[in-house]
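Trainee: I have a model open and would like to talk through its side-chain pairings. Could you take my questions one at a time?

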Amino acid sequence: MSRHSKHSNDRMFFTAKERADAGYSKTRKEVMGTDCFLPFGFCGLSLKAPKDPVATPDGNIFDREAILECLLQQKLEIQAQQKKFDEQERKKEQRLKALDQEDELRQLEEFTRAEQGLLSQDLRHKRALEQAESKGSDGGPEKKLRKGELLKVDKSELRAKSFWTKEFTPTAAPTEIKKV
């Protein structure tokens, strides 16, 4: 016996004989059995003998009652999906209206600021408006630190805007429902 015959089974795949020896070489009929096949003349939907049989041009046999139940169920599913789609579209329109209103309000505020700036030629009024806007956004004027003085930071405000807080954690947007 040669040295190479010892490693004859050392392959990345099994041969047909090796599969047969291991008991894995069954035919499809043996693997599936008769339970997987519908008896002749039975309904494909209810899996029972049809009371009022209807045959398709392809030769499939169905029970008329099973067909009507299936069609009714599909119709109800389509109506439910249509309601969800309509609700989604209504919410979209509400969001768009809210954005339009915000945009109009912002434009109106910009217009009034521009009007006030054009009417008063005195620079003191413009500076007062700018300072009022800067105080409103920061909450007050910034305090300059002296040498050796440490900056005190309000950590509760930082924690409130943290990524890990529930209110600021990004979430996945719901998927859009397509029209049926």
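Trainee: Which helix holds both Asp21 and Lys17?

Mentor: Happy to start there, and keep in mind that this model is predicted. The side chains of Asp21 and Lys17 meet in a salt bridge, 3.1 Å from N to O. Asp21 and Lys17 are both exposed. They sit four residues apart, about one turn of the helix, and the element that holds both is helix 1 (residues 16-22).

Trainee: Where does Asp52, the partner of Arg64, lie?

Mentor: Arg64 and Asp52 form a salt bridge at 2.8 Å, N to O. This pair links distant parts of the chain, 12 residues apart, with Arg64 in helix 3 (residues 64-119). Asp52 lies in the loop between helix 2 (28-32) and strand 1 (53-55).

Trainee: Is Arg106 buried, partly exposed or exposed?

Mentor: Arg106 makes a salt bridge with Asp103 (3.0 Å, N to O), and both lie in helix 3, three residues apart. The relative accessible area of Arg106 is 45%. Buried needs under 20% and exposed over 50%, so Arg106 is partly exposed.

Trainee: How many disulfides does a search of the whole structure find?

Mentor: A disulfide needs two cysteine sulfur atoms within 2.5 Å. For Cys43, the nearest cysteine sulfur is that of Cys70, 9.6 Å away. The search of the whole structure therefore gives a count of zero.

Trainee: And is Cys43 buried or exposed?

Mentor: The cut-off for buried is under 20% relative accessible area. Cys70, at 29%, counts as partly exposed. Cys43 has 0% relative accessibility, so Cys43 is buried.

Notes:
Residues numbered from 1 in each chain as written. Predicted model: local features only at pLDDT ≥ 70, side-chain atom pairs only at ≥ 80, totals over all residues. Heavy atoms only, no water. Buried < 20%, exposed > 50% of the residue type's maximum accessible area, 1.4 Å probe, protein only. Salt bridge = Lys/Arg side-chain N within 4 Å of Asp/Glu carboxyl O. Helix = DSSP H or I, 4+ residues; strand = E, 2+ residues; numbered from the N terminus.
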